[in-house]
Amino acid sequence: MTRWLITGAGGVLGRELQDVLRDRRAETVALTRRDLDLTDGRAVRAAVRRHQPSVLVNCAAWTDFHSAEEREAEALRINGAAVGALARACADASVRLVHVSTDYVFDGTARRPYAEDAPVRPLSAYGRTKLVGERAAAGLVAAGGAAIVRTAWLYSRHGTDFVRAMARVERAGGRAEAVDDEWGQPTWAADAARQIVALARTGAAGVFHATSGGAASRRDLAGEVFRLLGADPGRVAPMPADRFPGAHLRPRYTVLGHAAWARAGLAPIQHWRAALEAAFPHLDLDA
Ligand SMILES: NC(=O)c1ccc[n+]([C@@H]2O[C@H](COP(=O)([O-])OP(=O)(O)OC[C@H]3O[C@@H](n4cnc5c(N)ncnc54)[C@H](OP(=O)(O)O)[C@@H]3O)[C@@H](O)[C@H]2O)c1
């Protein structure tokens, strides 16, 4: 039986993974930052030895995009150096590592979906630090012992996100504004979590993109939220991305390709519209 260890288990994806594994009655140890600080290499090695998982899924990260610009060295410790220590601990204990990364490793200048092996060029400190993490796990990936799973634009019943924010605006009867010149793949965190579990079970190594199919702007996504709430999507007005400070640090187009799933014998995640509709009753939008 597979034994799972989740690091960064208190975050959005970590909690979704716990939900998925609980539903499947899988043997799971879930460690939040308070249980295990990933930057403490000795504690990481001890945790891997103590729990002896078959699979370790690393959901821990410095995810605050803006503060990473100011405090890149600190973000780098978690998103970069700690991943190297984690990969070494996993390699030494023959533990399969699934390390979660981001679409922000790309620069957004493409006009067709980024393949898993497309050249990377992060624009932001967050993206740069996450890329260092990918590279720190690359040796174990090459040795067949790890997978890097990039995800993006997550929404969930846990935490706060764009979908919840738009639902609140609609419920308050307001008009929304949403960016219509930035493209990505809104992804239900539960879909990403299920995909990670399925991938780990195959034992496949490599780089994978756990994002929904299709492509959307924030305005498309907000419009769909309004529609699913029975409201007029026309209440969402378009807005250019450069209205936000630091817009040049955000890639404009991070639609990701999904070819690698077939190599692992898995289907990619469903289209973002179908996913949002399926997710809607589970998002506790009244909470
Ligand atoms: N959410 C998205 O849309 C999105 C998009 C692209 C990629 N991703 C990637 O998906 C992964 C999961 O993200 P998420 O959305 O679940 O982020 P999240 O909700 O911010 O969760 C990250 C977790 O990591 C923990 N953490 C931070 N520093 C740590 C440390 N030194 N040791 C142990 N734990 C630490 C945080 O704990 P504290 O809260 O206590 O600090 C938090 O619980 C990350 O790799 C992220 O880069 C997410």
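This is a predicted model: local features need pLDDT of at least 70, side-chain atom pairs count only at pLDDT 80 or more; totals for chains, interfaces and linings use all residues.
## Around the ligand

The side chain of Thr-63 places an N or O atom 2.6 Å from an oxygen atom of the ligand. Backbone atoms take part too: an N or O atom from the backbone of Val-12 sits 2.9 Å from a ligand oxygen, and a polar backbone atom of Val-100 is 3.2 Å from an oxygen atom of the ligand. How much of the ligand's accessible area does the protein cover? On its own the ligand has 890 Å² of accessible area, and the protein covers 79% of that.

Now find helix 4, which runs through residues 72-92. Its 21 residues reach 29 Å from the first C-alpha to the last, close to the expected 30 Å.

Several residues of helix 4 are buried, among them Ala-75, Ile-78, Asn-79, Ala-82, Val-83 and Leu-86. An α-helix has 3.6 residues a turn, so residues three or four places apart point the same way. You can look for that spacing as you trace the buried residues of helix 4, which also include Ala-89 and Cys-90.

Which elements do these buried residues pack against? Their partners include three strands, namely strand 1 (3-7), strand 3 (55-58) and strand 4 (96-102). Helix 2 (41-51), helix 3 (65-70) and helix 5 (125-142) are partners as well.

Key. Residues are numbered from 1 along each chain as its sequence is written. Side-chain values use heavy atoms; hydrogens and water are left out. Helices (H or I, at least four residues) and strands (E, at least two) are DSSP runs, numbered from the N terminus. The expected span of a helix is 1.5 Å times one less than its number of residues. Buried means under 20% relative accessible area, exposed over 50%, partly exposed in between (1.4 Å probe, protein chains only). Contact means heavy atoms within 4.5 Å. A polar contact is a pair of N or O atoms within 3.5 Å; within protein, one must be able to donate a hydrogen and the other to accept it, and residues adjacent in sequence count only if both atoms are side-chain atoms. Accessible areas come from the Shrake-Rupley method with a 1.4 Å probe; for residues, only the protein chains shown count as cover.
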